[in-house]
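Me: I'd like to go through this model with you, starting with one of its pockets. Here it is.

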Amino acid sequence: MNAPTDLKNLIPATEQGRDVVHESARLHVTGGATYTDDIPELRGTLYAALVLSPVAHGELIGEGIDRAALLKEHGVVAVFTARDIPGENNCGPIVHDDPFLADGKVEFVGQAVAVVVAREMLYAREAAKKAQVLVKALPPILTIEDAMAAGSFVMPAKGIVRGDAAQAIAAAPRRIRGSTRTGQQEQFYLEGQITYAVPREDGQLTLYCSTQHPDGNQREAAAALNLSTNDVEVICRRMGGGFGGKEGNASIFSQSAALAAFKLQKPVKLRVNRDDDMTVTGKRHDFRIDYEVGFDDTGRILGADITLMSRCGYSVDYSGPVNDRACLHIDNCYHIPALKLVSHRCKTNTQSSTAFRGFGGPQGMFGIETVIDEIASVLGLDPLDVRKRNLYQDPAVSGNPDTMTTQYNQLIEDWVGDQVIAQVEAQAGYAGRRAAVAAFNATSKTRKRGLALVPLKFGISFTATHLNQGGALLVIYMDGSVSVNHGGTEMGQGLNTKMAQVCADGLGISVDKVRVTATDSQKVPNASATSASSGADINGAAIMNATMQMRERLQPVAARLLGCEPEVVRFADNAAHGGGKSVPWADLTKQAWLDRVGLSVTGFYMTPEIKYDFTTLNGRAFYYYCYGASVSEVEIDTRTGEWWLKAADMVHDAGRSINPALDKGQVEGAYIQGMGWLTMEECIWDKKGKLLTHGPSTYKIPVAGDVPEHFNVTLFDGHNLKPTPFNSKAVGEPPLMQALSVFFALRDAVGAAGGHDARVSLVAPATPERILLACERGRAAARG
């Protein structure tokens, strides 16, 4: 793995592209980092727990609970249901179809029916568990197939048509037809969902919340309580992980706590345990992907007819943009000249599927990579050769003006996918290892190895254009120390560290003079969620705008001290320079205060060039693209289905990295998280719609022992063509798709078990059970 940089090298002279240590690293390892549950509780704090639906679909009888019986439970002081909400009962982030407390009906096992408030957390939880939900059960719809048969959808289907796919497939020399699936995935953040709601004077409310979207929690709590938005403040210093699970789902808990605190005029804390957290909250969308593809004898795709079907759960949530992004990433790195794509968004009586790192992109990419692998199998080719033959190409080389244009009509301006592939192929020694794998498999009867190189292309921007904006508040004190606040949230990814670097670079000072403060909806209003890999781009650009304004304010002050013209003043190395002289930064800021120059400023940024119609899935959806490629080598035991990751090599395009150490850490973590999604993390439901895998004892995530010793990450030597902070690129979501190579290496190994004589039938997650069954099918087909 990538060794950490020695601490003595972590404070650079300039903050651009340096391995500055994570701003909370020491606090994390010493226990000094304050999370929401660590905030000292005010006198009189009460504790809340949720009463959950025991059925997947049903009509509530009355308000759904016996309120009087609950109030008799030991320590219980209050009970609230939908009837007690003075305003709007909604936590749906886009369409207001998602009540935070069930009203008249329940639509999944685990839906919140009531809030129980007690003197101690244990009392609240015990009372909530004892509560009987009064409900008349109705037949549920649980699977994608059930929903498709019943015509049950959360929203209408969408699609993309490019050329005449049917004609291209019919005229193609070869054709394949098939179906595959991807599974759900639990976000499994270390810190569970939590809100501490504190009433303030004159009907105001402060919510300390573990959330990726403070603005959403603020607006929705205000609407629920019939307050103005400025009456509610949401503060988030840090989260213990989010991964999309605290973007919209946090509102279920923040509004429940806010309702109780507002009604009782006492502080209320709502912290759910892991079992309830996993039962209540949404997962990554699972997909069924059907395809028919025509191709030539070299493996080049000529036409494709693809149908995407996802399980969205009972409400819209983020299913619209998640499924849209799957459509926009069905090409991955490949030019598909003729395409018919249909996307169905299925309504089921399960938790509302929600945001998860990648946001639909991984599922779309999985679909086309399965097609590529199938083509290679039919033709007896190395899948890497088929991948290369289908890559986007410069029209000057291909002679076709469409070969660098996506299916949604966006011209790719920054294509480096072929370069990234070539680099990882060389660094990993792909050709030699392919030969070594073949040699191993030829002599090993019960163990087989597999190898795969898979690329990625991931678009960066919110596909909802209006969300591509950010703000920042910059404050300088008389001693030269700097405070900066922005709309993004820190969830461990190092966003605040990068923002401190951007601020320090913009002012020409060292990063130790900058403190990034807790995200606060009353400091930077109307902020977009920290998602879509946009945190550093949008908030960093807003900080750049603020530092530019501040430099312009300080230049005349510095010019008077230096005896030069303002336009020649520059800021660097903790000083202002001009006319052959320098003035220390602290002296400059003190003089600016004496001169009554304002030392606070707000910055703003909006992403330019986005011209996209989400209703037709057409136009410039993304500001730029990130690229990457990985080589994974695995070994399987064909008798048990057990498998081991032997080696992983990655090259990832982070542009001109703001902080290479943080970015490499993100790539490493994303790869392992993606590997979990594709191989071991499986959500299992019973026939009544109850989630059976609702804790770490039944839901398996990767651990340190799953990481191979051979684990190499290289950042591609390039820069963003767009003027992002330091010309960097987003690194939150894209590297999760690096893990696709793990799954396809497993497919390769399974194919070897059958002598590569039959098509491999393997879906994600590729658990040991599925690997074993796939090996058995392959051997049976080979025999006969």
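Me: By class, what residues make up the lining of the second largest pocket?

Reply: This is a predicted model, where local features need pLDDT of at least 70, side-chain atom pairs count only at pLDDT 80 or more, and totals for chains, interfaces and linings use all residues. Residues are numbered from 1 along each chain as its sequence is written, and side-chain values use heavy atoms, with hydrogens and water left out. The lining has 15 nonpolar, eleven polar and six charged residues, with Ala, Val, Leu, Ile, Met, Phe, Trp, Tyr, Cys and Pro counted as nonpolar, Asp, Glu, Lys and Arg as charged, and the others, Gly among them, as polar.

Me: Which residues lie nearest its centre?

Reply: Of the 32 residues that line the second largest pocket, I94, Y318, P321, A464 and L467 lie nearest its centre. The elements giving two or more residues to this lining are β7 (153–162), α6 (214–224) and α9 (319–328).

Me: Changing topic, how many helices and strands does the chain have?

Reply: The chain has 20 helices and 29 strands, taken as DSSP runs (helices H or I, at least four residues; strands E, at least two) and numbered from the N terminus.

Me: And what share of the chain is buried?

Reply: Buried residues, meaning those under 20% relative accessible area with a 1.4 Å probe and protein chains only, make up 61% of the 784 residues.

Me: What box do the C-alpha atoms fill?

Reply: Taken along the principal axes, the C-alpha atoms of the chain fill a box of roughly 85 × 80 × 45 Å.

Conventions
On a 1 Å grid over the protein atoms alone, a cavity is a set of points where a 1.4 Å probe fits but cannot get out, and a pocket is an open set with protein on both sides within 12 Å along at least five of seven lines; lining residues have an atom within 4 Å of a point. Buried means under 20% relative accessible area, exposed over 50%, partly exposed in between (1.4 Å probe, protein chains only).
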